[in-house]
Amino acid sequence: MHQRLSLFTILALIMPLATGCVSTSSNYTSVKKETTVSKLAVCHGFDCRNRTTLPLTSADAGRFASIMAGGKGSAKAERQAVASAVAYFETRAGQAIGVRDTAKSSLAQSGRLGQMDCIDESTNTRTLLLYLQGRGLIRHHRVESNVSRGFFADARYPHSTAVLSEKGGARWAIDSWYEPMGGKPDVMPLDQWKSRGVMGER
């Protein structure tokens with residue numbers, strides 16, 4: 001009984017610290033307002049607490065178009081192109097912020113300039129995907145709402161990902177949290193992604 005109570009007490013203490021890691025940031029409305037076809041709002045500092053504007057130059061627009069052109073042939077090729085587009089976007093985001101985010105994150109980094117939790121990462125990725133979709137550069141998929149998994153009691157830390165739905169096919173997780181800024185995101189079937197994360201499993 002004492003052990004159960006101790007576990008309950010621990011969970012009660014740490015759960016409030018993880019409430020930011022849900023599918024949508026509490027600051028998402030502001031992110032949408034600050035995002036246009038010529039600039040993207042980049043979240044950092046955990047739960048989109050900080051937002052830095054990334055102006056999109058003609059060179060950026062051309063680069064995104066070039067990357068996504070490589071994915072025209074099939075849904076699989078498009079997902080590979082999306083991974084490259086996310087990596088390019090994150091490199092540009094780091095330049096705008098002036099800080100390169102490290103791989104993953106810890107609660108000790110909360111509020112730190114440039115550091116990103118899964119809410120920042122998944123929101124940024126979805127913002128980019130919506131930009132690409134709005135420009136007609138995503139042809140084989142649709143951008144969906146972000147999705148979360150884990151709640152501590154199932155031995156998984158709460159975690160969130162951006163999602164693409166293949167037209168006439170499966171949904172795919174586009175998870176950029178595990179790599180340092182500028183690395184390619186994990187791209188896997190959403191059902192597979194949902195089942196992972198036990199004891200920190202990637």
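Thr-127 counts as buried in this predicted model, because its relative accessibility is 5% and the cut-off for buried is under 20%. You will find Thr-127 in helix 5, which covers residues 118–134. Setting aside residues up to four places away in sequence, Thr-127 touches Val-31, Thr-35, Leu-40 and Ala-41.

**How helix 5 meets helix 3**

Two packed helices are described by the angle between their axes and the distance between the axes. For helix 3 and helix 5 that angle is about 80°, and the axes lie 11 Å apart. Angles of 65 to 115 degrees count as roughly perpendicular, so helix 3 and helix 5 are roughly perpendicular to each other. On the helix 3 side, Ala-61, Phe-64 and Met-68 take part, and they meet Leu-128, Tyr-131 and Leu-132 of helix 5. Sorted by class, this contact has 6 nonpolar residues, with no polar and no charged ones.

In soluble globular proteins, nonpolar side chains tend to be buried together. Here the largest nonpolar core has 26 residues, and the members touching the most other members are Phe-64, Met-68, Leu-128, Leu-129 and Leu-132. The table shows elements that give two or more residues to this core, apart from helix 5, which also belongs on that list.

| Element | Residues |
|---|---|
| Strand 1 | 39–44 |
| Helix 3 | 58–69 |
| Helix 4 | 75–97 |
| Strand 4 | 159–166 |

Which element gives the most to this core? That is helix 4, with 7 residues.

Apart from neighbours within four places in sequence, Met-68 is in contact with Glu-78, Ala-81, Val-82, Ala-85, Leu-132, Leu-137, Ile-138 and Arg-139. There is also a second, separate core of 6 residues, among them Val-163, Ala-173, Met-188 and Trp-193.

**The disulfide**

A disulfide is a covalent bond between the sulfur atoms of two cysteines. How many disulfides does the model have? The count comes to 1. This disulfide joins Cys-43 to Cys-48, with an S to S distance of 2.2 Å. The link of Cys-43 and Cys-48 is right-handed, with 90° about the S-S bond. Are Cys-43 and Cys-48 buried or exposed? Both cysteines, Cys-43 and Cys-48, are buried.

Terms used:
Residues numbered from 1 in each chain as written. Predicted model: local features only at pLDDT ≥ 70, side-chain atom pairs only at ≥ 80, totals over all residues. Heavy atoms only, no water. Helix = DSSP H or I, 4+ residues; strand = E, 2+ residues; numbered from the N terminus. Buried < 20%, exposed > 50% of the residue type's maximum accessible area, 1.4 Å probe, protein only. Contact = heavy atoms within 4.5 Å. Disulfide = S-S within 2.5 Å. Core = buried A, V, L, I, M, F, W, Y, C linked by side-chain atoms within 4.5 Å. Axes fitted to C-alpha atoms, helices over the stretch in contact; angles between N-to-C directions. Parallel < 35°, antiparallel > 145°, perpendicular 65-115°, else oblique. Nonpolar A, V, L, I, M, F, W, Y, C, P; charged D, E, K, R; others polar.
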